[in-house]
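Try each task yourself before reading the solution.

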Amino acid sequence: MTEQAKRPLAVAIMGPTASGKTAAALAIAERVPSEIISVDSALVYRGMDIGTAKPTREERAAAPHHLIDILDPLDSYSVAQFRTDTLRLVDEIVARGRLPLLVGGTMLYFKGLNDGLDDLPGADPALRAELEAEAARDGWPALHARLARLDPPTAARLAPNDAQRIQRALEIIALSGKPMSELLALREREELPFELLPFALEPSDRAVLHERIARRFDLMLEETEDGNLIDEVKVLRRRGDLHPGLPSMRCVGYRQAWEYLDGAIDYKTMRETGIIATRQLAKRQLTWLRSMPERVVIDCLRPGAAGAMLDQIKDRRP
């Protein structure tokens, strides 16, 4: 038996927002004893349920879920923390005789897990404050344009208003003198202690995915017994310690709802910009996926996606 065959199996279910990742994972869990590890930088936050499309209580009762509701929105969660937590969880899930399902759309987490951690310089508060002041004066698109001159590969995968990542990329250049893309290319890949079977739920028709995104955003805005996205952001604002610059409040939907409650935009604009931002997120997720040649592509618009994955999972499991 080869070393590859000796390693336990874990399954990744990746895809853009609204591609049906949770439903596919739960369908697999019905057939194979499984536990789900969330690979989503928004689901880690408590009190952010509607705008993150967090799995419902019923869905979470159907199979054990991990890395959901583990942080206060005031805190941040790094790729390094995700990798450490996931390696531990996979080991524990395998020891329980179950299949680990890594499910989500935060591609940076998947990349950090698969490729290992980098040796990038740490955060510099003074430099970050300087960059934020520049952004306040000139706008993040201007800083994105600067990044495009200094590090074209990194800029190409970031939206012009992706403040957090643009700031980090410029910070790395200032501290190291080298572009982030060059530093990431130099790192040595660390072999995972398990075999990762990566599925990617991708749409054969992007327009249909866009319709799904708009429909889902509208559902978030509808009144329900649990409230809606606007109510959720009102509760978060009432705490008094949160602000739009936090990673949690930069999440798609929350940023637009915060601006609406500030009176900066009207309801119609909030809805339109929320849908546009979600579509842009999906586009970036698909760009990340195309950089992963080892992925197994499944059309998320056709029925039977979970069945197609199950066939390959059964071939890999003893």
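**Exercise 1.** Which residues does G20 touch, not counting residues up to four places away in sequence? Then decide whether G20 is buried, partly exposed or exposed.

*Solution.* This is a predicted model, so keep in mind that local features need pLDDT of at least 70. Start by locating G20: it lies in the loop between β1 and α2. Next, list its contacts beyond four places in sequence, which are L201 and R212. Finally, take the relative accessible area of G20, 35%. Buried means under 20% and exposed over 50%, so G20 is partly exposed.

**Exercise 2.** Where is T17 found, and is T17 buried or exposed?

*Solution.* T17 is also placed in the loop between β1 and α2 (21–31). Its relative accessibility is 10%, so T17 counts as buried. Now look at what surrounds T17: leaving aside neighbours within four places in sequence, its contacts are L209, I213, R216, T278, A282 and Q285. As a last step, turn to the annotation. The unreviewed UniProt entry lists G15, P16, T17, A18, S19, G20, K21 and T22 under "binding site".

**Exercise 3.** Which residues of β5 point one way, and which the other way? Which strands are joined to β5?

*Solution.* Begin with the general rule: in a regular strand, side chains alternate between the two faces of the sheet. In β5, E195, L197, F199 and L201 point one way, while L196, P198, A200 and E202 point the other way. Then check the cover: 8 of the 8 residues of β5 are buried. Now move to the partners. β1 and β5 run parallel and are joined by 6 bridges, with I13 standing opposite F199. β5 and β6 (residues 296–299) also run parallel, joined by 4 bridges; here E202 has D299 as its bridge partner.

**Exercise 4.** How many residues does the largest nonpolar core have, and which have the most contacts inside it?

*Solution.* The largest core has 47 residues, and L102, F110 and L229 have the most contacts inside it. Next, ask which elements contribute: among those giving two or more residues are β1 (9–14), β5 (195–202), α11 (206–221) and α14 (267–290). α14 gives the most, with 5 residues. Then look for a second, separate core; it has 24 residues, including A24, L26, L99 and V103.

**Exercise 5.** How many aromatic pairs are there, and is the pair of F82 and Y109 stacked or edge-to-face?

*Solution.* The count is 3 aromatic pairs. For F82 and Y109, the centres are 4.6 Å apart and the planes 15 degrees; planes under 30 degrees apart count as stacked, so this pair is stacked. This pair links distant parts of the chain, with F82 in helix α4 and Y109 in helix α5, 27 residues apart. F82 is buried at 1% relative accessibility, and Y109 is buried at 4%. Compare Y260 and Y267: their ring centres are 5.6 Å apart and their planes at 80 degrees, so that pair is edge-to-face. Y260 is partly exposed at 26%, and Y267 is partly exposed at 37%. Ring pairs also link Y77, F82 and Y109 into a cluster. To finish, find the charge over a ring: R237 lies over the face of W258, at 4.9 Å from the ring centre.

Notes. Residues numbered from 1 in each chain as written. Heavy atoms only, no water. Core = buried A, V, L, I, M, F, W, Y, C linked by side-chain atoms within 4.5 Å. Buried < 20%, exposed > 50% of the residue type's maximum accessible area, 1.4 Å probe, protein only. UniProt positions renumbered as here; feature names shortened; annotations may be inferred. Contact = heavy atoms within 4.5 Å. Phe/Tyr/Trp six-rings, centres within 6.5 Å; stacked < 30°, edge-to-face > 60°. Lys NZ or Arg CZ within 6 Å of the ring centre and 35° of its normal. Pairing = 2+ DSSP bridges.
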